[in-house]
Amino acid sequence: MTAWRNRIVGYGEEPPESFLANPSNWRIHPRSQRDALAGVLAEVGWVQDVVVNRQTGHLIDGHLRVDMAMERNEPSVPVVYVDLSPSEEALILATLDPLSALAVADKGKLDELLREVKSEGA
């Protein structure tokens, strides 16, 4: 069995206006998602990098976080750089979120976790 290739080639921080939105991005973000993300970012801060393909310069993941950072004039956004061909970029853009959405909840564990969560936001 061949080991999986590590396509991550770097990490950093960039000003939000320096990112190039992916022209093939198919995700739209409703107000409820924006509000929820704004609340978590305000309460906790950054905990997830955005993903940029070094070959094309396009964002692969994190369009909403970058948009919100620009709206707030945030000085920088954490980024992970990957090295993908344009066809690999399209595959990851098309599948990253849908694969995550295939996960199902363990209701007992989720209920237990939610009992521990204390948040000031709605």
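At what angle do helix α1 and α2 pack, and how far apart are their axes?

**View 1. Packing of α1 on α2 in the predicted model.** Helix α1 (residues 31–43) and α2 pack at an angle of about 70 degrees, their axes lying 11 Å apart; axes are lines fitted to C-alpha atoms, for helices over the stretch in contact, and angles run from 0 to 180 degrees between N-to-C directions. The two helices α1 and α2 are therefore roughly perpendicular (65 to 115 degrees). Q33, R34, L37 and A38 of α1 meet L64, R65, M68 and E71 of α2 in this contact (heavy atoms within 4.5 Å).

**View 2. Strands β2 and β4.** Strand β2 (residues 50–53) and strand β4 (residues 77–82) run parallel and are joined by four bridges, with V50 standing opposite V79 in β4.

Residues are numbered from 1 along each chain as its sequence is written. In this predicted model local features need pLDDT of at least 70 and side-chain atom pairs count only at pLDDT 80 or more, whereas totals for chains, interfaces and linings use all residues, and side-chain values use heavy atoms, with hydrogens and water left out.

Terms used
Two strands pair if DSSP finds at least two bridges between them. Angles under 35 degrees count as roughly parallel, over 145 as roughly antiparallel, 65 to 115 as roughly perpendicular and the rest as oblique.
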